[in-house]
Structure formats: C-alpha cells, structure tokens
Amino acid sequence: MSNLKFCQGTKCHTYHTQDRLKGQQGNKTYQTRRRSTFYYGGNNFCSFNCQNDWFNDFGDRAIDHFGRLNEAKHLTEHNAWVKDYDWRGGSDDRTHLYYYLNKITTERRTITEEQYNDSNYTLNTP
Ligand SMILES: [Zn+2]
C-alpha cells in the first residue's frame, strides 16, 4: 500500500508541468499531484498556488463553518502568556529552563518540562 495522497488544490491538474503529465503513452493527461508529503497548508497542498486556489473556492465556507471572528480579540495580561525556554548548554546540564512569559506584564514563571510539552496546560484565561 502506498502512503501517497493527493494535493487538495482545486486546480492542481490544470497547471501544465511535466510531473503532472501521467498515463499511458499517447493517452497522457495532466493530473492532480500525488505525494507522501506536501509543504503547504498543513501537508495538504503541493504549492502555495494550490493552497490559494482551495481557499478562494472554499475559504469563506470554511470560516463560516468553524466560526467567523466578528469582533476584535484583545491581548491582555490574562491571555498574554507564551511558553518559552532558555537553552542551558553546559556540558553536564543540557536541560532547558522552561518558563511562561507574559507579553503584557513581562512577568516570568518557571514551569516544568511536562507543563511545557502539555498543549492543554496554559495560564491564559479566555
Ligand atoms: Zn497541487
């Protein structure tokens, strides 16, 4: 079984490149690109063009589906915490010093590596 997947670009097959031209001799067609990995749009598109084509066709509906932003978000001291770390490159101690930094107040709070790696752990409140 192959792990190849298709580019999700709605017009991918319309771009004339040699690698898209496939099929039996005398019966070749330009086809949607198929790869194991793509570098655009979260591994879904073969090119920025294809990502844009998809967004132009479906972006509005996708935003409406997942929730359109109708008012400005505000960065306050309550949601300005970002995770970061200091590299401690000593020969004996190759651990990082993990911390939360508040981008508004510049307060710094040390956290554990587990807290740093836990995507559900946050100091931010809605
Ligand atoms: Zn494509």
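## Zinc site

With angles of 106 to 115° among its four donor atoms, the zinc ion has a tetrahedral site. Four donors count as tetrahedral if all angles lie between 85 and 135 degrees; four count as square planar and six as octahedral if opposite donors are over 155 degrees apart and all others between 65 and 115; anything else is irregular. Ideal angles at a metal are 109.5 degrees for four tetrahedral donors. The donors are Cys7 (SG), Cys12 (SG), Cys46 (SG) and Cys50 (SG), at 2.3 to 2.4 Å from the zinc ion. Donors here are N, O and S atoms within 2.8 Å of the metal (3.2 Å for Na, K and Ca); water is not among the atoms, so sites may look incomplete.

The donor spacing in sequence reads C-x4-C-x33-C-x3-C. Cys12 sits in the loop between strand S1 (5–6) and strand S2 (21–22), and Cys46 in the loop between strand S4 (34–35) and helix H1 (48–66), so this pair ties together parts that are 34 residues apart in sequence. Helices (H or I, at least four residues) and strands (E, at least two) are DSSP runs, numbered from the N terminus. Cys12 is buried, at 0% relative accessible area. Cys46 is buried too, at 11%. Cys50 also counts as buried, with 0% relative accessibility. Buried means under 20% relative accessible area, exposed over 50%, and partly exposed in between (1.4 Å probe, protein chains only).

## Basis of the model

This is a predicted model: local features need pLDDT of at least 70, side-chain atom pairs count only at pLDDT 80 or more, and totals for chains, interfaces and linings use all residues. Residues are numbered from 1 along each chain as its sequence is written, and side-chain values use heavy atoms, with hydrogens and water left out.

The disulfide count is zero. The rule asks for a pair of cysteine sulfur atoms within 2.5 Å. A disulfide is a covalent bond between the sulfur atoms of two cysteines.

## Helix H1

H1 is kinked. The kink is about 65° and is centred on Phe58. The bend at a residue is the angle between axes fitted to the seven residues ending there and the seven starting there. H1 has 19 residues, yet its end C-alpha atoms are only 22 Å apart. A straight helix would reach 27 Å at 1.5 Å a residue. That expected span is 1.5 Å times one less than the number of residues.

The buried residues of H1 are Cys50, Asp53 and Gly59. Cys50 is also one of the zinc donors. Just after H1, Gly67 takes a positive phi of about 115°.

## Salt bridges

The model holds six salt bridges. Each needs a side-chain nitrogen of Lys or Arg within 4 Å of a carboxyl oxygen of Asp or Glu. Arg68 pairs with Asp60, the closest N and O atoms being 3.2 Å apart. Arg68 also pairs with Asp64, where the closest N and O atoms are 2.7 Å apart. Asp60 is exposed, with a relative accessible area of 55%. Arg68 is partly exposed at 37%.

Glu107 and Arg109 form another salt bridge, at 2.7 Å from N to O. Glu107 is partly exposed, at 34% relative accessible area. Arg109 is partly exposed as well, at 37%. Elsewhere, a network of salt bridges links Asp19, Arg33 and Arg35.

Most residues other than glycine have a negative phi. Asn43 is not a glycine, but has a positive phi of about 70°. Asn43 lies in the loop between S4 and H1. Asn43 is partly exposed, at 25% relative accessibility.

Thr106 lies in the loop between strand S6 (96–102) and strand S7 (108–110). Thr106 is exposed, at 58% relative accessibility.

## Helix H2

Tyr116 lies in helix H2 (residues 113–117). Tyr116 is partly exposed, at 23% relative accessibility. Tyr116 and Asp84 are 32 residues apart in sequence and 8.0 Å apart in space, C-alpha to C-alpha.
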